[in-house]
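Please follow the account below with the sequence and the coordinates side by side.

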Amino acid sequence: MREIRFDLLLLFIAFYVLLAPVLSDLVISKLDRRVDLSSQMVRTTTSLKVENNGVGTVSEILLPFPDHQAKDLAFLMVTISEGKGKIKGVSGSLPIRVVKPEETPPALSWYLVSLPKELGKGESISLDVKAVFTHILRPFPEKITQADIQLLAFQDSAYYLSPYAVKVQTLTVKLPEPKVESYTKLENTKVSGSEIKYGPYENLPSFSYTPIVVHFVNNKPFAVARELVREIEISHWGNVQVTESYNIHHAGALITGEFSRLDYQARPHVRGASAFRNLVAKLPPRAHSVYYRDEIGNISTSNLWGDSAKTLLEIEPRYPMFGGWRTSFTIGYGLPLQDFLFQSEGKRYLNISFGCPMDEVVIEKLVVKIVLPEGSKDISVSVPFPVNQLEETKFSHLDMVGRPVIVLEKSNVVPEHNQYFQVYYKFNSLSLLWEPLMLISGFFFLFVTCIVYMHADLTISKSSASYMAKLQWDEVQTAIQQFQNIMNRCMTVHDKIEASLRDLSRTGDVQACKAARKAADSLLKELSKELKPLLSFLQSSPQAVQILPKVEELVAKEKELQEKLMLKHSTVVDCYEKKLGGRETENRVASVQQKITLLRQEAEDLFEIIDEI
Amino acid sequence: MAALETPQSSTLRQAFGNVLSVFILLLIGILAFSIRLFSVIKYESVIHEFDPYFNYRVTQFLTKNGIYDFWNWFDDRTWYPLGRVIGGTVYPGLTLTAGTLWRILNSLNIPLSVETVCVFTAPIFSAFASWAAYLLTKEVKGVGAGLTAAALLAMVPSYISRSVAGSYDNEAVAIFALIFTFYLYIKALNTGSLFYATLNAISYFYMVCSWGGYTFIINLIPMHVLLCIVTGRYSSRLYIAYAPLVVLGTLLASLVPVVGFNAVMTSEHFASFLVFIIIHVVALVYYIKGILSPQMFKVAVTLVVSIGLIVCGAVLAVLIAMVASSPTKGWSGRSLSLLDPTYASKYIPIIASVSEHQPPTWPSYFMDINVLAFLVPAGIIACFLPLSDASSFAVLYIVTSVYFSGVMVRLMLVLAPAACIMSGIALSEAFGVFTRSIKFQLPGVTQNSPVNAGDTGNVMQNDVVKTEKSEDSLKERPSRKNKKKEKDNVERASVVPKTEKRLSVLPLEASVIAIFLLVLLGAFYVVHCVWAAAEAYSAPSIVLTSRSHDGLHVFDDFREAYGWLRHNTEVDDKVASWWDYGYQTTAMANRTVIVDNNTWNNTHIATVGTAMSSPEKAAWEIFNSLDVKYVLVVFGGLVGYPSDDINKFLWMVRIGGGVFPHIKEPDYLRDGQYRIDSQATPTMLNSLMYKLSYYRFVETDGKGFDRVRNTEIGKKYFKLTHFEEVFTTHHWMVRIYKLKPPKNRIRGKTKKAKSKASSKRSGTLKNNPWH
């Protein structure tokens with residue numbers, strides 16, 4: 001490390017000589033730099049007062065960063081500070097672009113800040129430069145055991161690196177804990193608590209550089225997400241579904257040697273100080289259906305609190321995260337649509353935050369996918385910082401043409417990027433009904449096809465032998481059914497006659513019995529008339545050959561039965577008229593009765609046989 | 001009159017009945033599906049236990065790489081260094097089913113994950129299974145019995161235990177395939193339709209794809225055919241139902257890679273071929289009988305029998321010679337242990353070591369089929385009244401499955417559908433009798449009902465009579481000619497013998513009470529099933545919960561360990577553990593394992609068992625030779641998780657000792673007792689398993705009290721020289737150790753003292769806590 005710094009120093013001296021005359025119009029009259037090392041990110045806040053000492057007007061200011069810092073620069077914002085204590089809106093963020101002035105050596109990256117108004121001769125302006133760096137804290141030593149504390153080294157210059165001369169400047173380094181292993185001692189260096197103060201240094205020429213190193217204790221979580229994919233899916237049925245897949249590792253000092261659960265459980269803050277147990281995600285208020293899982297299932301170690309301002313989700317990875325350990329998980333939650341979707345000028349727009357809801361996580365690559373409803377048109381995106389933008393199509397439930405997906409990619413994302421961005425699109429509310437209608441019509445047609453199939457005749461050839469045979473068979477079946485019907489009615493009539501006989505035995509009313517007999521006779525005649533065409537049809541039909549003998553047999557049996565019944569009836573009535581005793585009647589009828597019983601049984605058997613056919 | 005209306009009203013009634021039964025079936029399907037969701041609601045949508053994880057992994061592979069890669073899949077993540085040809089050794093039915101389901105859903109743009117599809121495959125197929133049970137029972141005893149059987153099957157605990165959501169195992173689809181194959185067989189038998197016979201063969205193919213239990217089908221159906229032939233029930237329908245099944249079914253079965261030539265080579269299938277020959281002989285005999293005169297037939301019989309005997313004798317001799325030449329007589333180990341229940345414990349400890357291969361206990365019958373156990377005999381009796389081809393099959397099915405379930409607790413699953421069908425028949429018949437009795441005796445219908453039961457029995461047969469007759473009987477008054485009427489009734493009864501003989505009428509009070517009791521029985525069954533589904537069978541076994549005074553406590557240690565392995569070890573690292581955790585390690589941690597739950601290589605398992613039973617150094621050498629980097633042990637002593645490795649340790653010793661004789665079981669037992677306390681043998685206390693389980697355990701409470709064994713451990717303070725702890729889960733249930741790299745050999749082996757010193761020094765350098 002020391003060698004690198006030495007090289008840099010040489011470099012700076014080299015281009016100090018080169019550039020000094022070019023940019024000397026501006027002078028920084030006062031500069032306060034605060035470096036916040038209390039998390040894994042390095043946040044520097046520089047308040048500077050720029051004076052134009054030159055002849056012409058100046059509208060741009062150059063901010064250089066050494067390359068080794070610039071490659072880890074995640075966030076840079078310049079605002080105008082208007083007096084102390086008064087912070088005026090957020091409108092003050094000034095446009096910044098990357099430039100490469102000519103004749104500059106390669107070890108510096110330049111950012112050009114455009115001032116809102118030109119700076120005339122002798123005028124001055126106060127600016128606040130806020131920069132966030134990731135990955136520039138190096139664990140030293142790089143490997144520690146479970147029981148060790150994590151030490152980090154931070155290197156920077158004690159003087160502000162600037163192409164302009166600086167009159168007065170100070171540097172304050174804020175540490176997470178008042179524990180410093182070592183730090184570079186320069187003149188005017190003070191340590192108070194967890195702060196190290198360098199300066200004030202006065203009247204330094206441009207490109208002054210003095211390396212400093214701070215070696216300090218930091219057990220803050222070093223959660224770095226290699227990749228975070230946020231999928232924001234809008235459903236106009238009232239839900240914004242956010243799914244975030246994390247691929248996290250602990251980017252601090254690697255653990256070496258044994259991991260003992262015993263030690264970790266007994267003294268978690270001593271043996272396991274460098275590990276982090278949990279992360280807290282700050283979700284928007286009224287987040288619902290929150291889940292936390294990974295590829296092998298739900299992770300049960302999570303807590304959720306909510307109030308009207310926010311929802312806090314505390315998640316614990318499956319195991320404590322020691323240096324170098326990795327894990328991956330997914331959290332998902334639903335948000336009420338009306339909180340995030342608005343309308344303006346005939347367009348709808350989604351207004352939702354860009355970054356990750358966890359404050360302590362650095363994201364190396366963030367992919368935000370916004371899935372718009374199927375049928376969205378005229379899509380445009382407005383993001384407050386440069387991102388890589390792509391478009392995709394996603395097919396989800398019941399989609400026909402797919403949903404448009406806007407993919408925004410950004411590397412090196414820090415919590416400062418957690419700003420709102422907007423996606424504008426046009427969407428017709430009636431398209432909402434498309435999918436339910438599709439379902440309804442789908443089921444409708446399913447049932448219709450079923451009905452049609454049940455009723456339609458799908459025979460290919462209407463003249464084929466088998467088809468004709470089938471038709472005939474159907475006819476025969478209907479005929480047989482009718483035949484059975486008639487036979488049944490005959491049987492009913494027989495039963496009636498029997499019943500009348502029984503009535504007779506009870507009441508002795510011969511006339512009623514005779515009347516019944518008459519009615520039965522006429523009914524039977526009618527039935528036999530009805531039976532004739534059926535029988536002739538069955539005889540003519542070739543399909544009925546099998547069944548015909550049984551049918552005829554049944555008819556014959558029925559006839560016989562009828563005769564016998566009549567005989568019985570007349571005998572009984574006779575007996576009654578002659579006032580014979582019950583016993584005698586029975587004797588007379590007995591033989592007939594036996595026959596009847598036999599016939600009946602045979603008829604029933606035939607019935608069953610015909611039924612089976 | 002009424003006679004004209006009846007055909008219409010009866011078709012209407014029939015249509016209404018059909019709609020009602022379809023509706024009931026739908027509800028039964030929903031019931032079968034939703035009663036299995038307790039695991040998802042109480043825990044989560046996750047794959048359960050051990051084997052399902054393998055199936056899940058295979059399905060993932062199938063959906064990712066397609067069917068052709070699946071058939072050719074050589075899995076190098078398991079059985080290291082041997083590997084395993086998954087495509088050729090796995091029953092692909094379940095995987096293909098879920099894979100197809102997933103593909104269909106995705107082609108319809110329904111983005112379900114493979115895991116979700118796998119989790120819900122089993123409940124979906126249990127709904128199918130209950131519908132299949134309806135069809136089968138309908139063929140045997142009619143719609144009422146079918147519906148009852150379907151409802152019973154939808155919630156029989158034995159089947160629930162294997163098909164809760166997440167239990168993604170072969171049995172989940174195989175039970176459906178089993179019942180459906182039986183249904184198609186019976187359907188083909190009843191109709192004599194070649195169409196159903198072909199469907200039957202296809203369904204049998206699906207069953208072969210799904211589960212090794214297909215041998216049950218291919219033995220049961222021939223048994224039934226034989227039974228039919230012996231009892232003189234041979235018909236052309238029987239031939240049509242059976243012959244295509246054997247021909248097509250065997251051809252199709254040999255298409256499944258895992259079965260292949262086994263379909264014609266192993267003894268499990270011989271019965272079907274034998275019966276195939278017999279049925280042809282019988283068919284021929286019947287044919288010849290038809291065309292010859294009786295005298296000629298007799299001559300022919302003597303001729304054919306003499307020739308046939310010679311041929312059969314020759315064939316049998318060849319078969320016996322072939323079979324006898326193989327050591328297991330052509331039977332696989334599992335089949336043999338079915339035929340001889342003591343076989344496994346005598347010869348194959350690996351089969352005996354699996355708890356589901358043990359014979360069941362009596363309470364497990366009550367737990368798994370509950371009241372069905374009491375209803376089954378009634379169902380069997382009902383099947384004999386009258387005995388048809390279909391009902392004789394049902395009886396045969398229940399009898400054989402009762403035997404098999406008595407041998408292996410796992411085969412209780414085959415018994416469950418049979419018990420449901422039988423109980424369905426019994427309940428339906430009982431309800432039929434009781435409701436009929438009540439119907440005839442209700443005051444509104446008849447007055448002197450017992451006498452008139454015969455008349456109204458007639459009513460059941462045709463509606464035409466009904467109206468007239470009931471009018472008549474309403475008019476009737478008790479008369480002096482009672483006697484005659486009784487006689488008349490008796491005669492009437494004999495007129496319609498078939499329906500009325502069966503119609504035994506019970507007293508009104510008795511039938512009301514009996515119905516009440518039956519409903520109570522059913523209610524008890526439902527309560528028990530819901531309880532079993534909710535409490536007993538829904539635990540996914542990878543997540544454990546315990547209820548204590550301060551609420552629910554979740555033990556998610558297994559996934560913690562697998563998650564750790566997955567993310568924090570190299571992709572090619574090999575993990576050694578007892579074979580129980582092999583499938584889970586490959587599926588959840590995605591790391592190569594030495595042995596897994598597919599216990600096909602006994603020697604390899606014995607090697608791991610030997611390593612676990614050996615002292616540290618020997619174990620290290622074994623593991624190092626297998627290129628193992630991590631060793632995983634499951635330890636329940638801290639939280640009282642009983643099925644941990646220490647409790648399984650004796651099986652490791654037995655299986656290891658079965659192959660490597662220097663491991664002797666008595667060395668690990670003190671006076672025949674397995675113990676880990678201070679009385680334990682030194683071999684036990686020095687074994688790797690003991691050391692890995694109890695490493696630094698004593699420091700948790702100062703005494704080293706094991707909550708599973710309820711004793712203080714024997715050896716408390718020791719250090720590991722060849723292994724180092726790299727991860728232990730929150731409740732210590734899984735402990736992962738890493739093999740230390742081998743020491744430099746520069747000092748040579750001859751100078752023992754020096755090497756000892758060096759090892760000591762290296763120990764201190766490593767900052768061992770015991771120094």
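Over all chains, a search of the whole structure returns 51 salt bridges, where a salt bridge is a side-chain nitrogen of Lys or Arg within 4 Å of a carboxyl oxygen of Asp or Glu. Side chains of opposite charge can pair when their charged atoms come close. The model is a predicted one, in which local features need pLDDT of at least 70 and side-chain atom pairs count only at pLDDT 80 or more, while totals for chains, interfaces and linings use all residues. Residues are numbered from 1 along each chain as its sequence is written, chains are lettered from A and ligands numbered from 1 in the order in which they are written, and side-chain values use heavy atoms, with hydrogens and water left out.

One of these salt bridges joins Arg696(B) to Asp263(A), with the closest N and O atoms 3.1 Å apart. This pair crosses between chains, running from the loop between helix 35 (688-694) and helix 36 (698-701) of chain B, where Arg696(B) sits, to helix 3 (residues 261-266) of chain A, which holds Asp263(A); helices (H or I, at least four residues) and strands (E, at least two) are DSSP runs, numbered from the N terminus. Arg696(B) counts as buried because its relative accessibility is 6%, and Asp263(A) counts as buried because its value is 9%, given that buried means under 20% relative accessible area, exposed over 50% and partly exposed in between (1.4 Å probe, protein chains only).

Within chain A, Glu498(A) forms a salt bridge with Lys568(A), the closest N and O atoms being 3.1 Å apart. Glu498(A) belongs to helix 5 (residues 465-507) of chain A and Lys568(A) to helix 7 of chain A, so the pair ties together parts that are 70 residues apart in sequence. Both Glu498(A) and Lys568(A) are buried. Helix 7 (residues 548-577) of chain A has 30 residues and should therefore span 44 Å at 1.5 Å a residue, which agrees with the 43 Å between its end C-alpha atoms; the expected span is 1.5 Å times one less than the number of residues. Just after helix 7 of chain A, Lys579(A) takes a positive phi of about 55°. Elsewhere in chain A, a network of salt bridges links Glu231(A), Glu233(A), Lys394(A), Asp399(A) and Arg403(A).

In chain B, the side chains of Lys574(B) and Asp627(B) meet in a salt bridge at 3.9 Å, N to O. Lys574(B) lies in strand 5 (residues 574-576) of chain B and Asp627(B) in the loop between helix 32 (616-625) and strand 7 (630-634) of chain B, so the pair ties together parts that are 53 residues apart in sequence. Lys574(B) is buried, with a relative accessible area of 12%, whereas Asp627(B) is partly exposed, at 41%. According to an unreviewed UniProt entry, the annotation "domain: STT3/PglB/AglB core" covers residues 572-631 of chain B, although such annotations may be inferred rather than shown by experiment. The end C-alpha atoms of residues 572-631 of chain B lie 14 Å apart, and the span is 50% helix and 12% strand.

Further along chain B, strand 12 (residues 723-728) has 6 of its 6 residues buried. Strand 12 and strand 13 (residues 734-739) of chain B pair in the antiparallel sense over 5 bridges, pairing being assigned if DSSP finds at least two bridges between two strands. The bridge partner of Phe723(B) in strand 13 of chain B is Leu739(B). The two strands form a hairpin with 5 residues between them, and Trp732(B) in the turn has a positive phi of about 65°.
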